[in-house]
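Please consider the sequence and the three-dimensional structure shown below.

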Amino acid sequence: MADFDHLSGLVLGLYNYWIVIALMMTGLYIVMACGNLVKKIVGLNVFQTSVFLFYISMGKVEGGTAPILTGDPAEVFSNPLPHVLILTAIVVGVAGTALGLALAVRIRESYGTIEEDEINEADISDARLGKGSRA
Amino acid sequence: MSTSSGLAMGLVAQLPALQVVVPLLAAPVCSLMRVRHLPWAFTLAVTAATFLISLALLLEVLAGGTISYHMGGWQPPFGIEYRIDVFNAFVLLIVSALALVVLPFAKRSVEREVPASTHALFYTMWLACFAGLLGVVATGDAFNLFVFIEISSLATYVLIAKGSGNDRRALTASFHYLIMGTIGATLYLIGLGFLYMLTGTLNMADLAERLPSVEDNRAVIVAFAFITIGLGLKAAMFPLHTWLPNAYAYAPSAVTAFLASTATKVAVYALIRMLFTIFGFDVGFEVEILTYVFLPLALAAMFSASIAAILQEDMKRMLAYSSVAQLGYIVLGLSLSLTSESGLTASLLHLFNHALMKGAAFLAVGAIFYRLGTVNLAGIAGLGRRMPWTFGVFIVAGLALIGVPGTAGFVSKWYLVGAAIQAGLWPIAALIVMSSLLAVLYIWRTIEAAFFRPLPEDADEVREAPLSLLLPGIVLAAACIVFGIHAAPIVEVAQTAAGALLGQAQ
């Protein structure tokens, strides 16, 4: 019975961290396995989001409310610092996503595809024809 | 009179902040400039000012010890602290000096390789990247470091993609780097989360103080692993270097020279800061990781990347692989620092020397690209006599990369071999010499092509590169020789910094 309690505590009590790990692995898998550049960016986003969730659950205080000062000394509120940090990280993530998608657009303009294997093929046939470099 | 000196005193006190804020604020201003040469001239002025600031900081730190600057007047550990010690100030000087030397080269080279309509934005990104690199080095706050890493990285992706005017593969190289770089930075963020959960602080000095009390916790090891791999990706530490060769090969020449001599150095700085200041050797597992993970990986980098460099036909790719190999020496020095101070001294020396020699080498290659539009070994056949100064710079940089006595590369390798012998690891000293012989091979291949192959019959009339492209390379090549013969001042700074870092670690 004690074993069961321990196990259920591990699974249910820490469920937020299990979700974080699952999302993290999913995101990384998408980045590695998908040949489509836009899907890669999506995978990267899933990966980053898992870290956001990790920080947010880290700052949570049991029974605490949103970290807004009400003047009530008995009020318990969550640790605001991880939230603020992750706000910065989200902004950075959005900038990275925008840049990645912009690059995907430019790649599509010059290669006509956003599939990684087709891009590689195009590069290889370029090299065979001696193209690529300006000279 | 008194007010002006009072103002000057006030400014001196603000130097740590100004170091980062000046280029950071200059970046958006630069984007508004529409007059032809103005963005470049403005960037040069800002970089010169930043260089003077970093010089003043180094002198001040050498004279008066560590500076702690409180951003916005908030006391650490609550506010963000900028902490400048000898190590910091040294790396700040490397970054700003190299940026200042490369910029005069950038003017003509960028005019050739980047469309004129985007020059203002190009230099905006350049300044943002520069500010980010300086920020990583100056800050004493671990989360602030992440933010600056991302600022410099985002700008770097754009700068690399700007090479698409020459070769569209620059776009895919940049995209690849974006994926790898973002994963690296996010891994660092995860590790930082663990550290924050354990200690409740993000201030580096505070972290170093509180970590020993929780060192039995397995989460420390997890945090260490995430942070090391994250920063290792940024630093292109073998085997996490796969993004580097393409990114360096297809970026505009000036960007390659700038990044090769600063960006990986800054990532290595962050890694050293984490290894020595924050974790320190008090945490027992770190000793094992340095000996059983870093040491073999460093040796693998020295050999496999050198061999890869020998096999390259493109000079830029060759030098990029050589960078990975040279980073191996720096990492080797880190793992040897457990037993002797000269290991870390060698790492710091090589950090400086490699910035000089790889900067010089890439500037020479950039000058060749300016004239030829290609840097293939086949394309440079017989060019040695047509462009004697350019190849002179390349040869000096190449000799330094090999580690010939009288060049800067020799000094750091000397200390590295000394550290290996002191640690009782004779075979490693021999391996260092052997891997230097591999460097001889890839440098020789270039020299052979340039001087000993006949010029093709139908070759275009190629003249020596213009002076503004030559001069920065000559300055760096001269520095390679000066610091090879008169190494004492740099060795002294490196030793002071290494001593302080090891003092913190033990």
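A236(B) has a relative accessibility of 0% and therefore counts as buried, the limit for that class being under 20%. The model in which this residue is seen is a predicted one. A236(B) lies in the loop between α9 and α10 of chain B. The peptide bond that joins F238(B) to P239(B) is cis, with omega at about 0°.

Two serines of chain B may be considered next. S109(B) belongs to helix α4, which comprises residues 86–113. With a relative accessibility of 1%, S109(B) falls under the 20% limit and so is classed as buried. When neighbours within four places in sequence are set aside, the contacts of S109(B) are S253(B), A254(B), Y370(B) and L469(B). S340(B), in turn, is situated in the loop between α13 (315–336) and α14 (341–372) of chain B. This serine is buried because its relative accessible area is 5%, and the class requires a value under 20%. With neighbours within four places in sequence again left aside, S340(B) is in contact with A419(B) and Q422(B). The C-alpha atoms of S340(B) and F285(B) are separated by 18 Å, and the two residues are 55 residues apart along the chain.

The largest nonpolar core has 225 residues. Which residues have the most contacts inside this core? They are W126(B) and L332(B). Not counting residues up to four places away in sequence, W126(B) touches T43(B), V102(B), L103(B), A106(B), L159(B), A254(B), V255(B) and F258(B). A254(B), listed here as touching W126(B), is also in contact with S109(B).

The description of chain B as a whole begins with its secondary structure, which comes to 19 helices and two strands. Of its 506 residues, 63% are buried. Among the contacts of chain B with a separation of 6 or more, 80% are made by residues 24 or more positions apart. The C-alpha atoms fill a box of roughly 75 × 60 × 45 Å along the principal axes. How does the radius of gyration of chain B stand against the value for a compact globule? A compact globule of 506 residues would have a radius near 23 Å, and chain B has 22 Å, so the two agree. The accessible surface of chain B comes to about 17,200 Å², and 68% of this area belongs to carbon and sulfur atoms. Chain B carries 24 positive and 25 negative charges, whose mean positions are 12 Å apart.

Chain A has five helices and zero strands, and its elements run α-α-α-α-α from the N terminus on. For a compact globule of 135 residues the radius of gyration would be near 14 Å, but that of chain A is 22 Å. Along its principal axes, the C-alpha trace of chain A spans about 75 × 45 × 20 Å. Buried residues account for 31% of the 135 residues of chain A. Of the contacts in chain A with a separation of 6 or more, 46% are between residues 24 or more positions apart. The accessible surface of chain A is about 8,200 Å², with 68% belonging to carbon and sulfur atoms. The 8 positive and 13 negative charges of chain A have mean positions 16 Å apart.

One residue of chain A also leads back to chain B. I119(A) is found in helix α5 of chain A, which covers residues 116–129. Its relative accessibility is 2%, under the 20% limit, and I119(A) therefore counts as buried. Apart from neighbours within four places in sequence, the contacts of I119(A) include L37(A), I107(A), Y111(A), T113(A) and I114(A). A further contact of I119(A) is T172(B), a residue of chain B. R108(A) is 11 residues from I119(A) along the chain, and their C-alpha atoms are separated by 9.4 Å.

Technical notes: Residues are numbered from 1 along each chain as its sequence is written. Chains are lettered from A and ligands numbered from 1 in the order in which they are written. This is a predicted model: local features need pLDDT of at least 70, side-chain atom pairs count only at pLDDT 80 or more; totals for chains, interfaces and linings use all residues. Side-chain values use heavy atoms; hydrogens and water are left out. A nonpolar core is a set of buried Ala, Val, Leu, Ile, Met, Phe, Trp, Tyr and Cys residues joined through side-chain atoms within 4.5 Å. Buried means under 20% relative accessible area, exposed over 50%, partly exposed in between (1.4 Å probe, protein chains only). Contact means heavy atoms within 4.5 Å. Helices (H or I, at least four residues) and strands (E, at least two) are DSSP runs, numbered from the N terminus. The radius of gyration is taken over C-alpha atoms; the globule rule is 2.2 Å times the number of residues to the power 0.38. Accessible areas come from the Shrake-Rupley method with a 1.4 Å probe; for residues, only the protein chains shown count as cover. Lys and Arg count as positive and Asp and Glu as negative; His and the chain ends are not counted. The place of a charge is taken as NZ of Lys, CZ of Arg, CG of Asp or CD of Glu.
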